[in-house]
Every structure is written in structure tokens, then in C-alpha cells.
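Here's my quick note on the model you sent over. Have a look at it first, then go through the points one by one.

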Amino acid sequence: MTGATPASGLRSRLTPPRFDRRVVAPTYHWGMPDRVSEASGNLRPLRKQAMMTQEELAAKAGVGIRTIRDIELGKVRPQPRTLRLLFEALGLTEADRATLTAPTDLTATVPRELPRTLAGFAGREPQLNALLAAVDSGVAAVVVHGMAGVGKTSLAVRAAHALAPRYPDGQLFVDLHGFTHAAGPRPDLKTLLTRVLRSLDVSGQKLPSDLDELTARYRSALAGRRVLMVLDNAASAEQVEALLPGMPDSLIVATSRRDLSALAGAYSVALEPLSQREAVAMIGAATDGRVTAAEAVAVAERCGRLPLAMGLAAARLRSRPLWQASDLLERLADEDRLLDELDMGHRGVAAALRASYRELDAAQQRLLRRLSLVPGDEVNAHAAAALCEVGAERASAMLESLVDVHLAESRSSGRYRLHDLVRLFAARLAGLEEARGDRDAAFVRLLGVYLHCAYQAAARLHPNKRRFADGAAAHDAGLPGFADQPGALSWFQSERGNLEAAVTAADQAGRLDEAWHLATAFNAFFVHDSDIGAHATVNRIALDIARRTGDGRKEAFTLGDAGRQLLAVGRHREAIRCLERSVALKRDLGEIGDAALTLANIGILHRRWGRFAESVEVHEAALIQAEQAADAAAAALIRTNMVVPLLRLGRFAEVERCLDAAERRLDSGDDHNRIRIEAFRGVLLRERGDAARAVAVHTACLQGYRGEGVTADVTATLIELGEDLLLLGRGAEAAAHFSRAVEYAVKLADPSLERSARNGLGRAHLALGDIEPATAQLELAASLAESHEDTYERARAQRGLAEVHRLKGDTAAARRYLRLAAEGFAYCGVPEAAATAATERREPGTA
């Protein structure tokens, strides 16, 4: 062999068994035609004996510094001429020359340290593919981070095995002990460098004790080699950065519970718990098919889809051959025992989480414990600050520290949550390390934050300004309020789950006053919320508290809220009982303005029965009470709601006066009700013959409602826009808007809006000549109207069905439906009665 042959090139031609820890390669020596010397075992001591640096020897011998370095590292075999120059430069005796060229018994080793891939590894294909693609693109470092037990090491090892053939000079696995259950210091950089060098360097030479020299030796050992290193369980980005090679030939794959995204030039992979599909696949593989798909879903969800927890649960089942999956699920169902069921000493879920917990300072540990007191799913900085009695800025920084070590998650700006198993772990610690009185006080402070914000937001949105302004003043916690309605609504949409859960938790904790006030403030958002069921649940708790405590005032307001909710879902008989009782109690209490609003809801009930004249009378009585109470906001709302029966009765001049008076009495920032008034102006334009302008008005109203989500007012505006378009002959566009309104009404569980939307959709299909879908929609509308005693919408559906049968040539059925429609419209006292009766008389075969 002649010339300089890199040792790595020789190693790359070796094909060691994939999973062997070390593969021994043959060693060749100087002075022999078929051998390469282990120069680091011979040249370096002689150079140091001559008291020369590498630079000095290179200069004296007339060779390159890199040549000296590569010879000492055993990476190249020197040419005979190079040997002669080195002999002369060192002034070697014959004995020294013999030492330098003597063969050595040491053997070069190629480390193969990767652990085996877990047999039950499932999923993570997108992350694995992205990681491999990043390596293909040339990155020299990949960092995988996520919470304890999420499968970081499994992914890193799986990726390392896939990449191993690309790195023939060795694959190392180094545990950095960043997060550990054991007490004591983690290994320092010198220890880690020594560990790696001993794996890479078999020359037997003594390693330097100086850290800088050791670091230089480490980088020199890696230079020119293709080595893959898995640095598992890193404490920080700084710890990984200190171990990055100086050259790009090698690859680092690091894992950590701390976010390592800050590592310059590294590709970051953030792991979250498995998807349900991946989790079910993992459970199935780990239990040898002993669980059904449904049982696998249940196990996965109870383990929070955390791979460590699911693996431990599967191991429990495998170790109990007589168990059924139901036996395992029964044990996992008890939250108080769940962590114990997933405990295997230092390999259990609690032990893994405790290792992360140990990395927090005392204040951060306290915050984690107290986050377990939050009844809902998420917190913001103000809630966290209340729990720990610190400022919001300090709380925000502490929350981010929990995110950094993946003990908390942040899926949207300023919002934080705990994984279910972390929450259980934190709750257990809170029970062990926090006094009961301290926990109770923290919970009460948290309720105070929710009450402050809920009442402040309600005062912005609810028409009963005085009632909610009084609540806001009584529960002022010194925190910021809301500048406008969109800000208040956005807060509610973010916190609604927390508020609902807080009502239940406060009730269970015996904090009855706080629970009732939270429920009342929560119900203020009823018209802005698509989940009516949540309001019914909260209101039942509030009514129970009012009656348990014998508080007539609480009962009066809660009955009013209950009546409004029952009205929305079409339970009219129950609604009117609640509303009438609420009105009587409020009058006795002197709450005249609120009694007027509740009375107006009875007017809405009459309207939904098709009793439009009675509805107007009740609204007028409610309006008198509101004006007597000098409640301008209540008066504005009552006038706005009175517009609907007036429109049905064709009393358009009164509609215009009501709208003008209502708008004058609105608060300057009440954008929501201003849009409602504008939408009614659009209806008035259409009824007076200007459907084109009505389209423009209703389109602008929908734009104004943007950000509110699916609400009753948005749905009602979609229906009105559909009616405008239908009148203009734009049937396809009308059908699209009616269809969307049906979808929203179903989501809102609002039968009144649903039957109106289906009536419109049926007529739009008729206009397009689609008889069958028109029939289906109109029959559904008629059925809904019949079940909720809505005479007006039933008559509209019957008139539409008459047209269906006329087009089908069934004149007898057409006449029958026209007669029914005319009777219904006459009962309602609306102008359509005369027009429908006239159409019936014109039908062929009419006597």
C-alpha cells in the first residue's frame, strides 16, 4: 500500500453486524508494506519528550500541521519520506526509531452502542420522515424534545438505526442524565468528553486533564470521521452545544425534556402525545391483540396517549394472563389510583415526572402544584398569578418555564394547560406538600379572578347594564376590564370551559355564593353561545343553590335565565311558568328593570306561538315598566324585540319608530345591538319592496358579526339574507344561505330558527324546480312547527307544500294545504291570511 489512506475510508469498507456494541477492525503498522501505524500511541510521546508542539514539529520537519495531527490520531499512514523527515526533526536514535515503527497490540474499534429499537414502537412516521429529510438536507444536529414519557428516546433510537449505515465510523449512545430520578450532580462536560473519547480512541494514551485540551482532542477525534451520536436526556441546549463536533461530517441526535429549539443550526422535533390512531396501534401491538379497538381507545385515553403510560398499562395486562381488558380499564378508571397503576419504580410515570419537577425552582414547583386546582382545562397569566399571589408578569414567566421543560403546554398565545397525567401528579404533590388552608385560599383567589372578568365582560355585552355593572363592582379584583364588546366576547369564548367547570367546582367546594354569581355571569352570554346545554347545566346548579339557601333574589334571577333557555329550545310551557314566577319575584324585590326584560321574554314566547298581537301587548307593558325604572338599555332591547311581531302584522310605521327609539337609547359601545337594529332595517326595506338594498344591508350585518361565531343573531341574519335573494330570483344563492342557517340552527339546538330556515330552504328549492328536496324541507319545517305550537311557521310550511302539490298536479292536496295555511295565517292575524285565501279561491275545483 502506498500513499496516505484515511482510516475512516478503511472502516467504511467494513460491514459490522448492525446491533453489535463494538466491531474490532484489523490494525496495520508503520514500516510494513501492508500495515498502518497507530501513531497516536507512538509519535505523540516522542514529540512531547522532545518538548515540541505539533506546530513546532511540523515546521522543523517541513510537513503540514494537519499531517502531524492526522498521524497522531491514526487517521493516515505516512509516506517513507515523511517518516524520514520526522526522524530527523526529532533527532531520534535507532532505538527511538524502532519504538516509533514498532507494531502495537492495540486494536482500532468501531463503536456500535445503539440500544435496540422498542418492539412496541408505533406511529411517529411524520416526525421520523421529517427528521430523516432534515439529515438528507445536511443538518449536523437534530434535537427531539417533549414531555416525560412521550417517546423521545424511542424516536431518536429508531432514527439512529435507520441512519447508521451512513455513519460507518461509529454510533454512540450517551446518557447526559439531564433529568433523572436520582439525587446528586449530573456528569460534567469533562466526564462526558472522556466517555466519548474512550469509545472513539483505542490508542491507550492518557487523556489530558485540562478541559480545553480535552475538548480539542474530542473535536480532533471526530474530524474527518462519520460518527452518529445520540445524546439522550440533555439538560439544556448549552450541554448539547458543548458536544457539537467542529466539522459537519458527524451527526448529533439529542433528546431532552427541555425545549432545545434555541440550539443554533439544529433541526427541532417537538413531540406531543400520540394521535388516537397511533395510540390504538401501539396498544394493540403491545398487548398481542388482547384488546378490541374500542378497549384500546379507552386505555389510550386514560393514559393520556402518553407512550410511557400506555407501555406500562400494556405490561400490566401482559403480566396478568387471566385479566381481561375490562379488568385493566377498571383499575385505570380511578384517578386516585391511576398513577399507582402506572408505577414501576424509577421507570413509572410518576418517577419520570418527578425528574422534571426536580429541575424547577421552589416558586415554579408551587405553581405546578397549584395549577392542579384549576377546574377547567386552561389558565392565563392572571389566573396563575392569583394561585401563587404573584404579579401577572412574574406568573407568565413561570408558566413559560414550565413549558420549557414540557410540564405545561401552550397551544395558543397566553393560554396554558397541563397534560392529564401531569395534572394528577401535580394534584398528588399538592396534597402532600401544601396545607389544606393554603390550597383553599388559592382556589378562592382563582374564583375571584373568574368573577371579576366574567362580570366585567357581561357588563359590556348584556342589555341589563345595571345588574351586571353592580356585579362587576362587587367582585372587582383590581384587574383590567374590557375596552369593547369584541374583547369581552373573545375572553368568554376562551374561558367558557373554565367558567362552566368553575361553577361545578365551587358548588362542590361549598363556595355557594361564588358558584351562583359565576353561573349568573356565565348565563349573560347565552345569546352569544352555541352550546345551550352548558347554560342549562350551569343554571340548574344556580337554581339549586338559590333554593337550598332560601335566597329569593337569587331564585328570581335564576328563574328568568331558566325561562329564557327553555324558550330557546322550544319548551314553551315550562318556559312561561319560570318567566311568570321570575317576574313576580323581581317585582316584589323592586327589580323593576329586570322584571321588564323578563316580561318581554314572555312576549317573545307569544311571538313564537304565532300570537303576534298578544306579543306586541306584552312588549308594550314591559316597555312601560322599563321606562318607569329609567332603564334605557332594557327599553332599547324591548323595543328591538318588539319589531318582529310588528313586522309580521305589517305595522311598518311602528317598526320604524321602534328602531329609531331603540338606537337612540343604545350605549355608544353596544355594537352588537346596533347591528341587530340595522338587520331589522334591512327586513323593513325588503317588506317595502327594496330587496336589493336589503341584500346590501344584511351582507354588511354579517360582516359586522364576524368574530362572534355561530350565534342566534348570525343565524337569523342568514335567514333574512336568503329571503332577500329569493325575492330577487337568485334562488341558488338563497338556498346556500338558508342551508347554512339550518346548519347553525341545528348546532344551536334552536328549533325556532331551524323551522324558519327550513321553510326558506324549501321555498328556495321550489324556485329552482327541485321538488323532492323542497318537499323534504317543508315537511320538516311543518313537523317542527307543529311540535312547538308555532302556528305561523306551520302555515308558511303548508303554503309551500300547497305549491309542491300544485306542481305535481295534485290540485286536491294543494287546495287542502292552502286552506290550512289560510286558517293558520288568520289565527296569527297577519296579512298573508287574505292573500292565501284568495289563492285558494282561484285554485281549480274550488267551490
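**Notes on the model**

1. Let's start with one residue. Setting aside neighbours within four places in sequence, L222 is in contact (heavy atoms within 4.5 Å) with L200, V227, M229, P245 and S250. L222 belongs to helix α10 (residues 211–222), where helices are DSSP runs of H or I with at least four residues, strands are runs of E with at least two, and both are numbered from the N terminus.

2. Is L222 buried or exposed? L222 is buried, because its relative accessible area is 2% and buried means under 20% (exposed is over 50%, partly exposed in between, with a 1.4 Å probe and protein chains only). The C-alpha atoms of L222 and D169 are 9.3 Å apart, although 53 residues separate the two along the chain.

3. A word on where this comes from. The model is predicted, so local features need pLDDT of at least 70 and side-chain atom pairs count only at pLDDT 80 or more, while totals for chains, interfaces and linings use all residues. Residues are numbered from 1 along each chain as its sequence is written, and side-chain values use heavy atoms, leaving out hydrogens and water.

4. Now a helix pair. Helix α18 (residues 362–371) and helix α21 (residues 420–433) pack at about 110°, with axes 7 Å apart; axes are lines fitted to C-alpha atoms over the stretch in contact, and angles run from 0 to 180 degrees between N-to-C directions. That makes α18 roughly perpendicular to α21 (65 to 115 degrees; under 35 is roughly parallel, over 145 roughly antiparallel, the rest oblique). L368, R369 and L371 of α18 meet V422, R423, A426, L429, A430 and E433 of α21.

5. What classes of residue make up the contact of α18 with α21? Six are nonpolar, none polar and three charged, counting Ala, Val, Leu, Ile, Met, Phe, Trp, Tyr, Cys and Pro as nonpolar, Asp, Glu, Lys and Arg as charged, and the others, Gly among them, as polar.

6. Another pair: helix α33 (residues 671–687) and helix α34 (residues 691–704) pack at about 165°, with axes 8 Å apart. The two are therefore roughly antiparallel. Their contact includes I675 and V683 of α33 and A694 and V697 of α34, and by class it has eight nonpolar, three polar and three charged residues.

7. Finally, the whole protein. It has 41 helices and nine strands, and buried residues make up 55% of its 847 residues. Its C-alpha atoms fill a box of roughly 135 × 65 × 60 Å along the principal axes.
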